[in-house]
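Welcome! Here is a short tour of a protein model, written for someone meeting it now.

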Amino acid sequence: LDYYGYQGGPSGESLIELGYAAAHLHVAGISLELQDAVTNSSVCKVSRGDGVLYGGSDVPGDEESYLVGIKPCIWGGSDAPRF
């Protein structure tokens, strides 16, 4: 919110619940992390072997050593982070 010039901080009805967050890459990566800019806490993190997926064969869509998928972070109900 600070990006848009709002300095008061969100509260009450202006808060949103984050239900889904997905990283996007065009090059290889080992891990990706979404951080809360206010608290500096990790909101969502995926790493190789735990969400960052590389292929392991010569089958199309699973090519050896190529990035083939990134799992999203999904929350529901009271588990959703609020901002």
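Two strands count as paired if DSSP finds at least two bridges between them. Within this pair, L53 faces G69 of β5.

A word on the model itself: it is predicted, so local features need pLDDT of at least 70 and side-chain atom pairs count only at pLDDT 80 or more, while totals for chains, interfaces and linings use all residues. Residues are numbered from 1 along each chain as its sequence is written, and side-chain values use heavy atoms, with hydrogens and water left out.

The pair belongs to an open sheet of four strands, ordered β2-β3-β4-β5, with mixed pairing. At its edges stand β2 (31-35) and β5 (67-70); each has a single partner strand, so one side of each lacks a neighbour in the sheet. On average, neighbouring strands here are turned by 15° against each other, direction ignored; the axes are lines fitted to C-alpha atoms, and angles run from 0 to 180 degrees between N-to-C directions.

What does the secondary structure of the protein chain come to? It has zero helices and six strands, following the pattern β-β-β-β-β-β along the sequence. Helices (H or I, at least four residues) and strands (E, at least two) are DSSP runs, numbered from the N terminus.

Some values for the protein chain:

| Property | Value |
|---|---|
| Buried residues (under 20% relative accessible area, 1.4 Å probe, protein chains only) | 20% of the 83 residues |
| Contacts (heavy atoms within 4.5 Å) between residues at least 6 apart in sequence | 42% join residues at least 24 apart |

Technical notes:
Buried means under 20% relative accessible area, exposed over 50%, partly exposed in between (1.4 Å probe, protein chains only).
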